[in-house]
Amino acid sequence: MAMIPSFFNNRSRDIIFDPLFSFDPFKDFPFPSSSLVPRENSAFINTRIDWKETPEAHVFKADLPGIKKEEVKVEIDDDRVLQIRGERSVEKEDKNDRWHRVERSSGKFLRRFKLPENAKIDQIKAGMENGVLTVTVPKEEVKKADAKKTVEISG
């Protein structure tokens, strides 16, 4: 008969799903903590970007705290792909500094979005305020077809 770890017994099962119970399933695994990972190996790949469509435009918002607008590029390629890229530099380290924990990411990031046909790619505007990049892509008016269309019958 196989031994069932005490972790899965009936008493502890009740507290695993308790939202007030702090459970760390990786607590006893030998993974290095982020404070042991060299800073130059970290990557800033989790750039979060919202894309909302209004009646007038497609609006992209990216949270880029600590990044200057000179460190960000917004480009459109020939295939109507919006590309947002940049880099967060590693902090300068003093030889007397002693790091206890490193959680903020550094490195390059790149996000790409295929724009719809109604996007006016020649009128895109971008601005950055308080660490939030906003890219506004105006939309062309979509011509609505007549409600009724007569189709000729041949033959």
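## Salt bridges in the model

A salt bridge is taken here as a side-chain nitrogen of Lys or Arg lying within 4 Å of a carboxyl oxygen of Asp or Glu, and by this rule the count comes to three salt bridges. The structure is a predicted model, in which local features need a pLDDT of at least 70 and side-chain atom pairs count only at pLDDT 80 or more, while totals for chains, interfaces and linings use all residues. Residues are numbered from 1 along each chain as its sequence is written, and side-chain values use heavy atoms, with hydrogens and water left out.

One of the salt bridges joins the side chains of Lys139 and Glu53, at 2.7 Å from N to O. This pair links distant parts of the chain, since Lys139 sits in the segment after strand 7 and Glu53 in strand 1 (residues 49-53), 86 residues apart; strands are DSSP runs of E with at least two residues, helices are runs of H or I with at least four, and both are numbered from the N terminus. Lys139 is buried, with a relative accessible area of 16%, where buried means under 20% relative accessible area, exposed means over 50%, and partly exposed lies in between (1.4 Å probe, protein chains only).

The side chains of Arg85 and Glu75 form another salt bridge, at 3.7 Å from N to O. Arg85 lies in strand 4 and Glu75 in strand 3, so this pair ties together parts that are ten residues apart in sequence. Arg85 is partly exposed at a relative accessible area of 36%, and Glu75 is partly exposed at 32%. A further salt bridge, at 3.6 Å from N to O, brings together the side chains of Asp77 and Arg112. Because Asp77 lies in the loop between strand 3 and strand 4 and Arg112 in strand 5, the pair ties together parts that are 35 residues apart in sequence. Asp77 is partly exposed, with a relative accessible area of 28%, and Arg112 also counts as partly exposed, at 48% relative accessibility.

Arg80 is placed in the loop between strand 3 (72-76) and strand 4. Arg80 is buried yet has no salt bridge, and the nearest side chain of opposite charge, Glu117, is 4.2 Å away; for charge, Lys and Arg count as positive and Asp and Glu as negative, while His and the chain ends are not counted. Not counting residues up to four places away in sequence, Arg80 touches Phe113, Lys114, Leu115, Pro116, Glu117, Asn118, Ala119 and Ile121, a contact being heavy atoms within 4.5 Å.

Lys73, found in strand 3, is exposed, with a relative accessible area of 51%. Lys73 and Gln83 are ten residues apart in sequence and 7.9 Å apart in space, C-alpha to C-alpha. When neighbours within four places in sequence are left aside, Lys73 is in contact with Gln83, Ile84 and Arg85.

## Strand pairs and hairpins

Strand 1 and strand 2 run antiparallel and are joined by five bridges, two strands being counted as paired if DSSP finds at least two bridges between them. A hairpin of three residues connects strand 1 to strand 2, and Glu53 stands opposite His58 in strand 2.

Strand 6 pairs with strand 7 (residues 132-138) in the antiparallel sense, over five bridges, and Met128 stands opposite Leu133 in strand 7. The hairpin of strand 6 and strand 7 has two residues between the strands, and in this hairpin Asn130 takes a positive phi near 55 degrees.

## Nonpolar core

The largest nonpolar core has 15 residues, and those with the most contacts inside it are Phe60, Leu64, Leu82, Ile84, Leu133 and Val135; such a core is a set of buried Ala, Val, Leu, Ile, Met, Phe, Trp, Tyr and Cys residues joined through side-chain atoms within 4.5 Å. Strand 2 (57-63), strand 4 (81-88), strand 5 (107-114) and strand 7 each supply at least two residues of this core, and the largest share, three residues, comes from strand 7. Leaving aside neighbours within four places in sequence, the contacts of Phe60 include Trp51, Leu82, Phe113, Leu133 and Val135.

## Confidence

The protein chain averages a pLDDT of 76, and 68% of the residues score at least 70; pLDDT is the predictor's confidence in each residue, from 0 to 100. Confidence in the protein chain is lowest in helix 1 (residues 10-16), at a mean of 45, and highest in strand 7, at 97. Over residues 10-44 the pLDDT is below 50, and this stretch has 30 contacts in the model beyond near neighbours in sequence. Where pLDDT is low, the predicted coordinates should not be read in detail.
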